[in-house]
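Have the structure open as you read.

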Amino acid sequence: MMNYLQTNNFPVITKKRHTYLTYHGLEENSTYVLKHGIVKTSIILQDGREFNLSYITKPDVLSLLRDEVSKYTDQPFNVRVESQTAEFYRIDRVRFWEMVNSDEELNNYVKEYYRTKLSENIVRLQRMIMGGKHDAVCAFLYQLTGLFGIRLANHQGVLIDFVVTNEDIAGFCGINSRSSVTRILSDLRDEGIINIKNRKFIITNMNYLLDYVPI
């Protein structure tokens with residue numbers, strides 16, 4: 001996918017930290033592919049709260065979850081830049097689907113994309129409904145180690161090399177109150193499961209978190 005986009009010189013746009021690429025529900029005539037950077041996807045619930053879906057940290061399609069023929073379509077979620085900058089390929093939606101349908105390799109990629117997103121959504125729902133707030137936070141912290149984790153020397157643990165706010169954790173875990181997240185993190189620190197240094201988490205007991213990850 002990335003080689004194809006680069007070879008065919010598709011336009012690249014750059015966005016700064018905490019700016020939005022797309023907004024949930026607004027019409028858009030382009031498909032976007034993350035080239036470089038970190039973004040967060042989210043939706044707006046009926047009560048007005050923002051529910052976070054995922055961090056995306058590697059090249060990936062960001063707005064493919066609609067029909068193939070409409071020139072304009074409602075965006076499935078918000079996409080906000082979380083790194084200092086992020087770069088995106090922008091492709092006309094209709095042209096993108098023409099490319100996919102005429103190239104077997106791209107077509108297979110899109111099928112795998114849908115399978116992967118479905119699997120991610122199932123895991124996310126499991127995290128939400130199969131345990132309480134504590135369980136959801138533990139599972140989310142474990143997920144962050146896969147995205148941003150750096151193993152420290154001398155068995156000191158795994159550094160999550162990315163600043164994640166308590167508000168964002170609440171949004172990912174379906175917790176209404178940021179103070180609830182603060183209390184859970186404080187308990188985990190008291191139990192020796194995590195440390196916090198320079199606003200970043202250090203996981204000192206991965207096995208503890210793994211117990212809360214849906215299988």
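## Aromatic pairs

There are nine aromatic pairs here, where rings of Phe, Tyr and Trp (its six-membered ring) pair if their centres lie within 6.5 Å; planes under 30 degrees apart make a pair stacked, over 60 edge-to-face, and the rest tilted. One of them joins Y55 and F162, edge-to-face with 5.4 Å from centre to centre and 75° between the planes. This pair links distant parts of the chain, 107 residues apart: Y55 sits in strand β6 (residues 50-56), and F162 in the loop between β12 (158-160) and α5 (166-173). Helices (H or I, at least four residues) and strands (E, at least two) are DSSP runs, numbered from the N terminus.

## A note on the model

Please keep in mind that this is a predicted model, in which local features need pLDDT of at least 70 and side-chain atom pairs count only at pLDDT 80 or more, while totals for chains, interfaces and linings use all residues. Residues are numbered from 1 along each chain as its sequence is written, and side-chain values use heavy atoms, with hydrogens and water left out.

## Two domains

The domain assignment, which is automatic or from a database, gives domain 1 (1-127) and domain 2 (131-211). Their C-alpha centres lie 27 Å apart.

## Where the domains meet

Which numbers describe the interface? In contact (heavy atoms within 4.5 Å) are 13 residues of domain 1 and 14 residues of domain 2. Together the domains bury about 1,300 Å², 55% of it on carbon and sulfur atoms; buried area is the accessible area (1.4 Å probe) that two parts lose on being put together, summed over both.

The rule finds one salt bridge across the interface of domain 1 and domain 2, a salt bridge being a side-chain nitrogen of Lys or Arg within 4 Å of a carboxyl oxygen of Asp or Glu. The side chains of D168 and K40 meet in a salt bridge, at 2.9 Å from N to O. On the side of domain 1 that touches domain 2, β6 supplies the largest share, six residues.
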